[in-house]
Amino acid sequence: MLNHSLFLLGEFTRRDFKGRYAGSALGFLWSFVQPLWSLALFTFLFSTVMKVSPGIGERTANFAVFLFCGLLPWMAMQEGILRATTAITDSATLVKKMSFPSDLLVWAVVFAALLHEAIALGMFLFVLGVTGQFSASGLWLLLLAVPLQVALTAGLGFLSAAINVFLRDTAQINGMLLQAWFYLTPIVYPLSLVPERFRPFLELNPLTGLVTLYREALLGGELPSLLSLAPLITTAAVTLVAGIWVFRRLRPAFADEI
Amino acid sequence: MTHPHDPPVVSAEDLSKTYRVYARPADRLFEALLRRPRHSAFHALKDVSFEVERGEGFGLIGENGAGKSTLLKILAGVTAATSGKIRLQGSVASILELGSAFHPELTGRQNIVLNAAMLGLSRNEVDERIPRIIEFSELGSFLDQPIKTYSTGMVMRLGFAIATQVEPDVLIIDEALSVGDGYFQKKCMVHLKSYLDGGGTLLICSHAMYYISAFCERTLWLRDGHVEALGPTQQVVPRYEAFLDAKSNHGEEASEIVGAPPSAPARIDDVRLLTGSTYRHGRPLELEIRWSCDDPEMAFHLCVGLNRPDEVEVASFLSHRSGAGPWSGRTRHTVRLSIPELPLVKNTFKLYVFLLAEDGLHIHDTWIVEDAFNVEYEEYPFGIVHIPHQWVPINDPGSDDG
């Protein structure tokens with residue numbers, strides 16, 4: 001049974017991945033171009049124009065490198081959540097006409113987003129290697145960061161996917177919420193730049209922990225204190241359980257509602 | 001192939017489905033989460049019970065909106081019944097809409113894998129069956145093209161090929177029999193027959209009584225969500241047809257008959273009534289049917305139907321039931337139907353000639369002769385048929401006055 005689910009999940013992920021680039025000239029290359037584009041824009045805006053620099057206590061003085069460490073998990077999460085939101089409604093005919101575990105549709109887009117991140121990550125590590133900034137000593141931290149990121153993405157994805165079947169506004173709302181979440185996470189700026197009195201709120205943001213974990217992992221750092229990771233770990237666990245619970249509870253009504 | 005001691009493969013007990021109609025979409029969300037009613041009800045199915053035995057062909061008929069699709073969706077596991085019990089033994093594959101599971105950007109081959117996986121096959125089973133699916137679909141070099149470049153007929157061929165080659169214990173088909181051209185339809189029907197003969201269980205929902213009669217031993221007639229009739233197809237289908245007739249849907253039946261396109265592999269060239277357009281009681285009636293085909297290997301049966309102008313079927317003549325044919329070995333055929341005597345007393349009659357495939361099921365071509373012949377009479381006869389009879393006076397001594 002599990003075996004079959006994995007096989008089906010693989011096929012759904014492939015369907016998603018291939019379906020997206022079908023008919024485009026650059027195709028698969030877009031998964032390189034898009035992160036580079038964001039990187040270039042943000043670097044120009046925040047580093048060149050607004051003179052933000054990673055500052056003291058960060059592992060790198062290069063803004064682009066600093067930014068990309070945070071951009072990697074962020075882009076995968078954003079893509080995963082947004083595409084999961086419409087995963088069920090986009091496959092309305094499938095859900096209405098065939099009997100299959102529809103939660104795999106959500107997992108598939110979450111993993112497809114992870115696949116894109118892996119490609120961008122490979123490219124990033126290559127650039128770090130060429131410029132002599134590569135360090136393998138922290139890479140093991142990804143074994144902690146990636147599962148937490150997947151749990152958080154999937155949890156919010158399941159929640160949004162199920163609710164979006166009944167309220168199509170969810171996709172719009174999610175777009176706005178994610179925009180806010182991006183700027184309230186120290187991705188384009190270091191936490192040290194945030195005024196003292198707001199800092200505790202940002203530290204409660206689970207993504208702060210995730211971004212920190214990525215920077216430590218990719219720039220040869222160490223395991224951050226468990227206290228700083230607590231918001232990430234608890235939020236990831238709670239959203240995954242809650243998301244799956246809500247999804248399962250609403251699933252029997254999907255075929256009748258879409 | 002029915003085994004009376006086995007438990008039924010499908011057993012439905014008092015199935016009901018109530019669709020909830022909501023004023024606002026959000027009401028549905030609140031209700032599903034909070035379990036507090038916020039809807040008005042629409043009863044799509046009411047206390048439907050039936051059982052299907054292993055190896056049985058089971059038909060589902062009824063007008064549009066009678067609940068057929070809802071019932072099939074419940075059986076296929078797509079939606080849940082509001083109340084009642086459903087039990088299914090073994091694997092189930094359903095074709096509720098051929099090709100609905102295909103992704104337009106993926107190639108035919110990639111879609112085969114995805115679709116077969118969704119129907120429950122493992123990777124090994126998929127690998128093993130792919131060649132058979134490809135062969136059955138006859139899509140050839142198109143298989144590595146994206147599905148979006150396919151014609152509707154090609155998509156349906158692929159969908160049907162997958163669903164049948166998956167070889168489920170129970171196959172559910174919803175109006176999917178009109179697949180592709182006549183040749184492919186025939187192939188599908190032959191396949192479904194052998195699937196049934198091999199112990200497979202088939203549930204068909206169709207508006208074509210011809211298919212229901214060909215495949216199903218028993219039929220369930222749904223009307224406004226409840227069981228109007230359930231029993232042998234031979235009994236249920238005529239009742240349903242009579243019901244439709246009563247609703248004066250005369251035109252519908254006739255419109256199902258469509259002549260073969262000029263490119264068809266076999267077509268009727270001519271039908272001639274050798275005995276002329278006037279029939280006199282006691283004389284024979286002879287009909288000559290000519291047809292041609294592309295492949296001398298093809299074998300044919302014929303069916304001739306005699307209808308009154310108001311489409312009452314008066315008589316039918318089927319070569320495969322009278323032990324004649326099948327005819328093959330040539331590309332041009334002529335067969336004569338001889339009827340020694342017609343017991344008809346009056347009226348004008350219409351002839352339907354069907355050129356059938358070897359299995360006596362698939363129709364290659366249809367030829368209709370309107371006003372084929374008129375029955376002459378000398379004195380106006382009452383009734384429809386002439387029945388041989390005798391009048392015998394009985395000399396009963398008890399009633400004799402003299």
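Hi everyone. A quick definition before we start: when I say "domain" today, the bounds come from an automatic or database domain assignment. For chain B that assignment gives domain 1, covering 55-79 + 91-255, and domain 2, covering 266-376. Please also keep in mind that this is a predicted model.

Let's begin with chain B as a whole. Its C-alpha trace spans about 95 × 65 × 45 Å along the principal axes. Chain B holds nine helices and 17 strands, and 35% of its 402 residues count as buried. If you take the contacts in chain B with a separation of 6 or more, 71% of them come from residues 24 or more positions apart.

The centres of domain 1 and domain 2 of chain B, taken over C-alpha atoms, are separated by 31 Å. Where they touch, domain 1 of chain B puts in 10 residues and domain 2 of chain B puts in six residues. Which elements give two or more residues to the domain 1 side? They are helix 6 (182-197) and helix 9 (250-255) of chain B.

One is an open sheet of five strands in the order 11-17-16-13-14, with mixed pairing. Strand 11 (278-280) and strand 14 (313-318) of chain B sit at its edges, each pairing on one side only. From one strand to the next, the twist averages 30 degrees. Inside this sheet, strand 13 (residues 300-307) and strand 16 (residues 348-357) of chain B are antiparallel partners over eight bridges. If you want a pair to click on, B:L306 has B:L351 in strand 16 of chain B as its bridge partner.

The other is an open sheet of three strands in chain B, ordered 2-1-4, and its pairing is antiparallel. Here the edge strands are strand 2 (40-52) and strand 4 (83-88) of chain B. The twist averages 25 degrees from one strand to the next. Strand 1 (residues 10-21) of chain B runs antiparallel to strand 2 of chain B, and nine bridges join them. One bridge partner to find is B:V52 in strand 2 of chain B, which goes with B:V10.

On to how the chains meet. How many residues does the contact take from chain A and from chain B? It takes 27 from chain A and 25 from chain B. On the chain A side, the elements supplying at least two residues include helix 5 (92-97), helix 7 (142-166) and helix 11 (226-250) of chain A. Helix 1 of chain A gives the most, with eight residues. By class, the chain A side has 13 nonpolar, six polar and eight charged residues.

Last stop, the largest nonpolar core. This core has 167 residues, and those touching the most other members are A:L72, A:V106, A:V110, B:I172 and B:I204. Helix 7 of chain A brings the largest share, 15 residues. Domain 1 and domain 2 of chain B both give residues to this core, so the core lies between them. Zooming in on A:L72, and leaving aside residues up to four places away in sequence, the residues touched include A:E117, A:L121 and A:Y214.

Definitions and conventions
Residues are numbered from 1 along each chain as its sequence is written. Chains are lettered from A and ligands numbered from 1 in the order in which they are written. This is a predicted model: local features need pLDDT of at least 70, side-chain atom pairs count only at pLDDT 80 or more; totals for chains, interfaces and linings use all residues. Helices (H or I, at least four residues) and strands (E, at least two) are DSSP runs, numbered from the N terminus. A residue is buried if 20 or more other C-beta atoms lie within 10 Å of its own, exposed if 12 or fewer, and partly exposed in between; C-beta atoms are placed from the backbone. Two residues are in contact if their C-beta atoms, placed from the backbone, lie within 7 Å. Ala, Val, Leu, Ile, Met, Phe, Trp, Tyr, Cys and Pro count as nonpolar, Asp, Glu, Lys and Arg as charged, and the others, Gly among them, as polar. A nonpolar core is a set of buried Ala, Val, Leu, Ile, Met, Phe, Trp, Tyr and Cys residues joined through C-beta atoms within 7 Å. Two strands pair if DSSP finds at least two bridges between them. Axes are lines fitted to C-alpha atoms, for helices over the stretch in contact, and angles run from 0 to 180 degrees between N-to-C directions.
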